[in-house]
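Please keep the sequence and the structure open while reading.

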Amino acid sequence: MEGYLSLCYYDISDCGQGKSSERTAFPWNLRALTRSFRRLLPPTWRPYQYEPLLEGHFRLITILPGTHKDPIQLRIEQFEFATAPPYCALSYVWGDPKPRHLVWIGHETLATTENLHAALIEIRSTSAALTIWIDAIGINQSDDDDKNMQLPLMTTLFPRAERVIAWLGKDDGSSAVVFDMFVQWAHWDQYDADAQRKLTSETQSIIMAESSTIREMMRTFCKREFFERAWTLQEVCTPADRPPIFRCGGQVIRADTVQAALGPMFKMLTSVQLLKLFGPKGIDITNTVRATFQDPGQYKPFYHAVTHMERRKASKVVDHIYAARGMFCAPGTSYPAPNYNSPVHEVFASYTRASIRQERSLTILTHVRPDEDHWDIPSWAVKPPQEIPKWGLVETFLNSAFCATGDSLVVGLESSRDCDRCLPLRVIPVDSIVQYWSPEPGMLQTLLRVVDDHDHPWALMRRALQSIRADITRGLDLPDICDTTVSAIRECMTCNEFFLSASHHHRLEDVYHMFTEQLFAAYLREANLRHVDTQWDHTELLDQAHALLNSVDETPSLDTLSHASPAARLLEKIVARFFIEHLKVSLFGRQLALMRSGNLALVPVIAQIGDEICLMLVGSTPFVLRRTDGAGDTHTLVGDAYVNGIMYGELYNKPGNVVVEYRLV
């Protein structure tokens with residue numbers, strides 16, 4: 001451990017002897033003081049009093065050496081970044097907020113939580129002092145002004161650290177086994193084909209065993225609170241040459257080792273196997289590890305950070321925004337400074353408005369849950385995650401690829417204040433909802449199970465789609481099914497985004513390449529697992545897949561593929577599975593709607609008859625708006641929508657469009 005942090009540890013005997021101009025001699029004899037600590041009685045304790053923080057400074061903590069039995073002894077000093085000594089930073093979960101342990105700063109004490117105290121004991125050296133930044137100690141937690149001054153610095157504090165220690169908690173005996181599995185998979189590229197097959201087979205045996213201790217250890221590891229914490233995503237964004245260290249008790253592994261392991265694991269194991277191995281919490285550890293590869297100085301859109309915060313926990317509601325600032329808030333941007341004195345609704349509204357102004361886009365409006373009315377947050381602003389939300393974040397498969405309003409610009413926001421509840425926008429009214437159809441709960445999941453067990457999955461899936469189309473036609477009172485209706489229903493159900501041809505809209509070519517690579521990798525993985533001879537190369541495989549997809553609207557027959565090869569049947573199964581999984585994503589939280597014009601759309605499940613479909617200038621998709629009672633230009637946001645035939649500017653570019661000003665509340 002000390003090897004990773006060699007610059008941050010130093011011999012205390014050198015203090016005051018010129019090794020560092022920022023270090024001064026300790027005003028006590030360490031051994032004598034340690035003995036005196038053991039004789040101190042409770043009446044002698046005096047709470048630590050923070051000195052006011054100087055402008056442009058931050059506090060670093062020195063952990064003095066000691067054994068596991070010695071009390072924790074610290075020193076706190078203020079530094080500017082230009083003169084600060086090498087330091088590391090601690091990322092951890094507060095856990096139970098009730099302080100349970102005291103640490104010593106000179107002759108004063110500071111209360112810490114159980115988890116932080118355990119971390120201090122583990123990372124403390126027996127022979128050298130450690131310079132470190134710790135939020136619970138470096139920030140005066142009882143002073144909101146102190147928090148407001150130091151929180152903006154966190155986007156700099158962690159990237160500048162010599163190393164970030166990600167403290168996962170005490171070791172329950174499983175971390176050594178889990179870390180060993182990650183190390184084995186991280187060396188995947190160094191193995192020959194036989195060793196790769198052996199590792200894959202051994203891991204699959206662990207996954208599929210009726211009772212597996214190793215599998216349960218991995219699932220327990222993935223449930224650790226660290227991977228659910230809101231602040232971890234920002235804190236582990238470090239330079240590539242200084243990846244964070246995951247520490248669990250005395251066990252240590254580098255984050256880039258875990259990242260190197262996840263790549264081949266996700267390639268060689270099926271989604272079902274991965275779910276059995278990692279459990280439902282596996283997505284949290286994956287997101288945390290991937291966040292380590294956002295290099296400092298590279299910033300993501302605000303909506304990206306909001307999506308990650310959906311599964312995260314924070315002790316304060318506004319930390320679902322503040323904890324992600326390091327991911328999206330570049331220097332010089334117009335995002336408000338953290339202010340714990342501001343009401344919750346102002347924080348979420350001001351950051352949503354600032355993201356629209358900064359990014360010149362309404363993409364963030366596709367990532368809100370408008371139906372959740374809590375904290376008095378406007379319908380158009382992002383919301384903090386709820387323990388039991390009415391509905392989750394709903395987004396289309398390739399939402400950012402749409403350009404329903406071309407390259408129009410945001411107007412009207414420059415003169416509005418961040419705290420205003422109204423969001424002024426210019427819109428083009430398009431249509432209104434007259435009827436809607438919702439899929440039955442579990443319909444697609446049931447279909448997915450049937451397809452996996454059938455000899456002719458593609459033909460079976462087409463029959464099921466035929467039945468669904470007939471149900472939609474009846475539910476929406478559509479005329480008899482014709483080719484145009486069939487095509488419109490499919491395009492709405494899939495958002496016209498499944499398995500794009502290379503000649504499709506130029507904005508989607510990168511996604512086309514990514515998706516075809518995923519399909520090819522899935523085919524090779526399944527063929528290896530089922531010992532099926534792969535008879536096609538990459539190009540031939542994609543041609544075969546295209547041929548299947550081009551037949552999706554045709555009347556199926558279970559006899560047409562009775563003599564198909566095992567490779568062809570395997571491809572059927574994979575393409576059918578991909579198609580149904582895509583339908584699940586597209587239809588989640590959505591319903592099909594019939595417009596007054598007779599056009600079809602995919603809209604949020606909370607949309608109602610009479611809701612308006614509008615194009616907002618600079619919006620990539622149409623939006624569903626609901627007029628508020630007694631106010632002609634005031635609306636609430638219902639959600640985004642896919643409207644057949646207008647997603648690439650077809651309607652926006654027509655002459656004669658009427659642009660009106662609406663206010664969202």
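Glu612 is buried, at a relative accessible area of 13%. Buried means under 20% relative accessible area, exposed over 50%, and partly exposed in between (1.4 Å probe, protein chains only). This is a predicted model, in which local features need pLDDT of at least 70, side-chain atom pairs count only at pLDDT 80 or more, and totals for chains, interfaces and linings use all residues. Residues are numbered from 1 along each chain as its sequence is written, and side-chain values use heavy atoms, with hydrogens and water left out.

**Salt bridges**

The structure holds 22 salt bridges. A salt bridge here is a side-chain nitrogen of Lys or Arg within 4 Å of a carboxyl oxygen of Asp or Glu. Three of them are tabulated.

| Pair | N to O distance |
|---|---|
| Arg627 and Glu612 | 2.6 Å |
| Arg626 and Asp611 | 2.8 Å |
| Arg590 and Asp640 | 2.9 Å |

Glu612 pairs with Arg627. Strands (E, at least two residues) and helices (H or I, at least four) are DSSP runs, numbered from the N terminus. Arg627 is partly exposed, at 41% relative accessible area.

Arg626 makes its salt bridge with Asp611. Arg626 belongs to strand β15 (residues 623-627), while Asp611 is in the loop between β13 (600-604) and β14 (612-616). The two are 15 residues apart, and the pair links distant parts of the chain. Asp611 is buried at 3%. Arg626 is partly exposed at 22% relative accessibility.

Arg590 bridges to Asp640. This pair also links distant parts of the chain: Arg590 is in strand β12 (residues 590-595) and Asp640 in strand β16 (residues 634-640), 50 residues apart.

**Lys316**

Where is Lys316 placed? Its place is the loop between α13 (302-309) and α14 (319-322). Lys316 is partly exposed, with a relative accessible area of 34%. Leaving aside neighbours within four places in sequence, Lys316 is in contact (heavy atoms within 4.5 Å) with Asp144, Lys147 and Tyr340. Lys316 and Tyr340 are 24 residues apart in sequence. Their C-alpha atoms are 9.3 Å apart in space.
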